[in-house]
Amino acid sequence: MSKRILSILFILLLAIPVAAGFKVNKAGLPKRPQNSYVYDEDRLLTKQEVQFINGLSEELYRKAGFGLAVALIHDIGFADFRDYALNIAESWGVGGKSNEGVLIFGAMKQHKRSVEVGYGAEGYLPDVLVERLQQKTIVPAFRVEKYGQGVITLAWEIAQV
């Protein structure tokens, strides 16, 4: 493909979240939502599910200094989903200065999910445990399109650790 076509495709890819009413930063990543810990581009979660996650996130931060955020993106194009999730976590500052937090991420069109764990939380949330928690919670729920249930149960399991 020519550079011009690729440029047009990239611009269109960036326009999708903007057209849906979501804001993106200069890197094309979604901006951190104001007054919420949840970015849900396709509105897959109910208001009550978002409220529950927000309440849990606030309590975790208040009691333990632990950051918890959720980003459910419609389409990340050809980007590597792990890099995309990590870039969101970094641009949002999930976990603050101590980098003690997690981002629960889903790329819905690509059927990819990830939990990005900050360096400050890796000691008690190792990759093996986080993958086991995902297999137990979010994977089966997403298969039957129960996105809110999957995110909430995963967030709750992480909070218990």
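Of the contacts in the chain with a separation of 6 or more, 55% are between residues 24 or more positions apart. The model is predicted. The chain has 161 residues, and buried residues make up 43% of them. Five aromatic pairs are found in the structure, and two of these are described below.

**Overall build**

- The chain contains six helices and four strands.
- Read from the N terminus, the order of the elements is α-β-α-β-α-β-β-α-α-α.
- The accessible surface of the chain is about 9600 Å², and carbon and sulfur atoms account for 56% of that surface.

**The pair Phe66 and Tyr124**

- A pair of aromatic rings is described by the distance of the centres and the angle of the planes.
- One of the five aromatic pairs joins Phe66 and Tyr124, whose ring centres are 6.4 Å apart and whose planes stand at 50°, so the pair is tilted.
- Phe66 sits in the loop between α2 (47–64) and β2 (67–73), while Tyr124 sits in the loop between β4 (112–117) and α4 (127–136); the pair therefore ties together parts that are 58 residues apart in sequence.
- Phe66 has a relative accessibility of 5% and so counts as buried, because buried means under 20%.
- Tyr124 has a relative accessible area of 33% and is partly exposed.

**The pair Phe142 and Tyr147**

- Phe142 and Tyr147 also form an aromatic pair, with 4.9 Å from centre to centre and 75° between the planes.
- This pair is edge-to-face, the term for planes over 60 degrees apart.
- Phe142 and Tyr147 are both buried.

Technical notes:
Residues are numbered from 1 along each chain as its sequence is written. This is a predicted model: local features need pLDDT of at least 70, side-chain atom pairs count only at pLDDT 80 or more; totals for chains, interfaces and linings use all residues. Side-chain values use heavy atoms; hydrogens and water are left out. Rings of Phe, Tyr and Trp (its six-membered ring) pair if their centres lie within 6.5 Å; planes under 30 degrees apart count as stacked, over 60 as edge-to-face and the rest as tilted. Helices (H or I, at least four residues) and strands (E, at least two) are DSSP runs, numbered from the N terminus. Buried means under 20% relative accessible area, exposed over 50%, partly exposed in between (1.4 Å probe, protein chains only). Contact means heavy atoms within 4.5 Å. Accessible areas come from the Shrake-Rupley method with a 1.4 Å probe; for residues, only the protein chains shown count as cover.
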